[in-house]
Amino acid sequence: MAHFAKLTVEGNKVLQVVTIRNEDILNGDGVKDEAVGQQHLEKHHDWPANLWILTSKDGSTRGNYAGIGYSWDATNQIFYKDKPYSDWTLNTTNGQWESPLSYPDDGQSYYWDEATGSWKLNP
């Protein structure tokens, strides 16, 4: 099965994720082709082909599996969630938000404290 994210007209927010058969994205040579899937979806869902973006459940395609409300970064070809905290930055390779401080690796459980901009030990 192939999964496609339906984007807003502005092209940056995911409205829906649909699943189609693999055979609906095969080109004339029998190779999976995103453009073929986009044309199929435009025909059957009356939504512009360029606003359907291939995504994968395991995140191997485009950083993250697209979810409703996720953002699409066409330049970096990734889907990502909303920014969790004001001082975190987006890793444009994997689509994950990163804190300005590394997560402690002492085996304990921490949470991010936005007020202090640091990791705090869970009570």
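## The main core

Which residues in the largest nonpolar core touch the most other members? In this predicted model, that core has 17 residues, and the ones touching the most other members are F4, L7, V14, I20, L41, W52 and F79.

Now look at where the core gets its residues. Strand 1 gives the most, with 4 residues.

How many of them form the open sheet, and in what order? There are 3, lined up as 2-1-3, and the pairing is antiparallel. Strand 2 and strand 3 sit at the edges with a single partner strand each, so one side of each has no neighbour in the sheet. The sheet twists too, by an average of 30° from one strand to the next.

Let's zoom in on one pair. Strand 1 and strand 3 are joined in the antiparallel sense over 4 bridges. Find F4 again: its bridge partner in strand 3 is L54. F4 is also one of the residues touching the most other members of the largest core.

## The helix across the strands

Finally, look for helix 1, which covers residues 34-45. What does helix 1 lie across? It lies across strand 1, strand 2 and strand 3, and it runs at about 130° to strand 3.

Key. Residues are numbered from 1 along each chain as its sequence is written. This is a predicted model: local features need pLDDT of at least 70, side-chain atom pairs count only at pLDDT 80 or more; totals for chains, interfaces and linings use all residues. Side-chain values use heavy atoms; hydrogens and water are left out. A nonpolar core is a set of buried Ala, Val, Leu, Ile, Met, Phe, Trp, Tyr and Cys residues joined through side-chain atoms within 4.5 Å. Buried means under 20% relative accessible area, exposed over 50%, partly exposed in between (1.4 Å probe, protein chains only). Helices (H or I, at least four residues) and strands (E, at least two) are DSSP runs, numbered from the N terminus. Two strands pair if DSSP finds at least two bridges between them. Axes are lines fitted to C-alpha atoms, for helices over the stretch in contact, and angles run from 0 to 180 degrees between N-to-C directions. Contact means heavy atoms within 4.5 Å.
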